[in-house]
Amino acid sequence: MQLFDFFVLMKKVLTAAKKNGWEHVPERDRFIDNEVEFAFSKREGEEEIAVMEVRFDVAASLQKDVEMSGVA
């Protein structure tokens, strides 16, 4: 998978989460070493009722022999 493909995958994750009622919380995102983690939240009014984190291993995703199912 090339870098462009990785960004396309990340955009798909962000779009799918939004369509399913999850709000992206960019201030909780993390970029540590080779891992990228996106944070999402579900709210009822002002109260946060659920949290979801999606983590990607960038080094693994950039290897050509890694399948999409092994990335996320």
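**Exercise 1. Which side chain of opposite charge is nearest to D29, and how far away is it?**

*Solution.* Start with the charges: Lys and Arg count as positive and Asp and Glu as negative, while His and the chain ends are not counted. The nearest side chain of opposite charge to D29 is R30, 8.1 Å away. A salt bridge needs a side-chain nitrogen of Lys or Arg within 4 Å of a carboxyl oxygen of Asp or Glu, and D29 has none, although D29 is buried. Buried means under 20% relative accessible area, exposed over 50%, and partly exposed in between (1.4 Å probe, protein chains only).

A word on the model: it is predicted, so local features need pLDDT of at least 70 and side-chain atom pairs count only at pLDDT 80 or more, while totals for chains, interfaces and linings use all residues. Residues are numbered from 1 along each chain as its sequence is written, and side-chain values use heavy atoms, leaving out hydrogens and water.

**Exercise 2. Where is D29, and what does D29 touch?**

*Solution.* First, find the place: D29 is in the loop between β1 (23–24) and β2. Strands (E, at least two residues) and helices (H or I, at least four) are DSSP runs, numbered from the N terminus. Next, list the contacts (heavy atoms within 4.5 Å): leaving aside residues up to four places away in sequence, D29 touches H24, E37, F38 and A39.

**Exercise 3. How many aromatic pairs does a search of the whole structure find?**

*Solution.* Here is the rule: rings of Phe, Tyr and Trp (its six-membered ring) pair if their centres lie within 6.5 Å; planes under 30 degrees apart count as stacked, over 60 as edge-to-face and the rest as tilted. The search finds 1 pair. F38 and F56 form this edge-to-face pair, with 6.1 Å centre to centre and 80° between the planes. The pair links distant parts of the chain, with F38 in strand β3 and F56 in strand β4 (residues 47–57), 18 residues apart. Finally, check burial: F38 counts as buried because its relative accessibility is 7%, and F56 counts as buried because its value is 0%.

**Exercise 4. Is N34 buried or partly exposed?**

*Solution.* Locate N34 in the loop between β2 (30–32) and β3 (35–44). Its relative accessibility is 43%, so N34 counts as partly exposed. Now look across the chain: N34 and V58 are 24 residues apart in sequence, yet 5.2 Å apart in space, C-alpha to C-alpha.
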